[in-house]
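Hi,

Here is the structure I promised to pass on. Please load it first, then read my notes below.

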Amino acid sequence: MGYFTERPYQDRSADWYQSALPILDLSLSNGVIDPHLQADLYHRYLDEKLYVEEMGFDGVMLNSHHSTPFCMGGGPMNNEAAILARLTTKAKIVLLGNVLPIWDDPLWLVEELGMIDVLSRGRLVSGWVRGTGSESFSHNAQPPYNWERFQEAHDFIIKAWTTPGPFRWEGDHYQYRYVNPWVRPYQQPHPQIWVPGSISRATVEWAARHRYVYVMLDSQLHLTEQVFEIYRQEARRNGYEAGSQHLGYMFRVHVDDTEEKAYETGRKLIEGVGNVFLDGSNGQANIWAQNLPGLNPRKKSGYLPTVEYDRVAAARGLATGKSVTDEESWKHEDVSREEHDRRRYEIWDGVLERYAAIVGTPDTVLPKIRHVLETLRPGNVFFWHGDGDMSHEESMHGIRLFGEYVLPAVREMGQELELKSAFEIDTQTNQPLDDTTLTSNV
């Protein structure tokens with residue numbers, strides 16, 4: 001079981017932060033950043049992750065979004081991972097993940113991630129993502145080649161991790177005359193590779209063909225069930241049965257002393273800077289930045305069932321119903337603060353009703369968590385917490401209650417439901433793993 005937060009930039013004194021209007025993605029200038037506040041926030045999120053390990057979580061997840069205040073872990077994600085590799089001793093460091101198509105030189109990733117795996121003595125999980133239009137736009141990556149570059153970068157990195165150099169690489173998108181990185185992964189033949197996703201059918205089928213863990217992020221339960229079945233079907237077509245070790249799920253949970261405190265503090269998970277990918281957030285997708293030409297499939301068959309959910313579709317520029325030049329579609333009507341708050345509470349109630357977040361005391365969250373585990377049967381579970389407008393003190397308190405009361409009970413649930421993680425069962429062979437299997441014998 002792991003812990004995740006987006007590491008948002010929280011500036012409660014700023015006018016833009018307090019505005020009732022949503023932030024349009026990629027619209028806020030980085031000129032508003034206070035470097036002193038940002039330093040405090042980076043230290044805060046690292047401190048929380050150290051406490052996460054102390055309280056018994058199995059791993060911490062980091063992610064990478066670019067040019068946006070809802071996630072300060074864009075390019076710096078690998079730096080964060082390197083810091084945690086040295087400061088932590090037990091927790092897995094799960095990167096979900098590096099956006100492969102925006103890297104013009106994936107040999108840097110071979111070396112950076114190899115060093116992180118060595119520093120952590122084999123605790124790295126390297127996740128790959130295709131990224132959204134925001135990443136392609138921010139890094140000037142050509143969207144029609146997104147899928148091609150993703151696959152070729154993956155193949156190159158695997159070869160560089162597993163084949164002694166020097167060798168040449170002559171691909172369609174990457175060419176190297178000399179590949180001989182002077183760092184080898186601690187784990188042999190290479191770190192585990194996980195793939196998160198939400199909307200692309202090609203990605204989930206690709207992950208199944210490679211027998212990689214596929215992780216769904218903040219997606220509705222009935223739609224996620226259908227996606228996991230697509231993975232299982234593709235696994236059967238490739239000659240194996242996918243188990244719980246192949247599937248992962250991340251969902252928001254907040255634990256507090258009383259139901260009332262859990263409800264009010266948990267609501268902060270959907271407040272603060274708007275997150276366009278987060279159910280219940282008031283973040284708003286920038287249509288022209290998401291739906292770039294050539295990035296999304298042309299046919300409906302190229303999408304997962306999650307495209308039926310408006311929040312997911314809108315975050316990819318697919319469910320606006322309006323022209324990308326219609327600026328009125330980016331605005332909200334001017335309402336009073338009271339009416340705004342009433343609407344936000346109504347939205348929060350809907351989030352709770354559809355299990356997009358779970359809040360309560362340790363006793364009351366456990367049956368709801370069990371419902372998620374029974375419905376989806378994931379072996380790799382991450383709790384999304386400490387995000388939005390949640391303070392450091394509120395995050396630390398929730399982490400402590402997690403560690404003392406929730407994690408032990410959820411582990412018992414997992415054993416009872418026979419849910420095995422990718423650290424117990426090898427996804428490549430479906431055979432049990434032990435510590436020597438995961439690390440180098442060099």
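Which residue of β3 does M61 stand opposite? M61 stands opposite V94. Keep in mind that this is a predicted model.

Start with the strands around that pair. β2 covers residues 59-62, and β3 covers residues 92-99. The two run parallel, joined by four bridges. β2 also pairs with β1, residues 2-4. That pairing is parallel too, with three bridges. There, Y3 stands opposite V60 of β2.

Now the faces of β2. In a regular strand, side chains alternate between the two faces of the sheet. In β2, G59 and M61 are on one side. V60 and L62 are on the other. All four are buried, so both faces of the strand are covered; buried here means under 20% relative accessible area.

Next, the whole chain. The protein has 15 helices and 11 strands. Its radius of gyration is 21 Å. A compact globule of 442 residues would have a value near 22 Å, so the two agree. The C-alpha atoms fill a box of roughly 65 × 50 × 45 Å along the principal axes.

Of the 442 residues, 58% are buried. Among contacts with a separation of 6 or more, 76% are between residues 24 or more positions apart.

Last, surface and charge. The accessible surface comes to about 19,300 Å². Carbon and sulfur atoms hold 50% of that surface. There are 43 positive and 63 negative side chains. The centres of these two sets lie 5 Å apart.

Best wishes

How values were computed
Residues are numbered from 1 along each chain as its sequence is written. This is a predicted model: local features need pLDDT of at least 70, side-chain atom pairs count only at pLDDT 80 or more; totals for chains, interfaces and linings use all residues. Side-chain values use heavy atoms; hydrogens and water are left out. The radius of gyration is taken over C-alpha atoms; the globule rule is 2.2 Å times the number of residues to the power 0.38. Buried means under 20% relative accessible area, exposed over 50%, partly exposed in between (1.4 Å probe, protein chains only). Contact means heavy atoms within 4.5 Å. Accessible areas come from the Shrake-Rupley method with a 1.4 Å probe; for residues, only the protein chains shown count as cover. Lys and Arg count as positive and Asp and Glu as negative; His and the chain ends are not counted. The place of a charge is taken as NZ of Lys, CZ of Arg, CG of Asp or CD of Glu. Two strands pair if DSSP finds at least two bridges between them.
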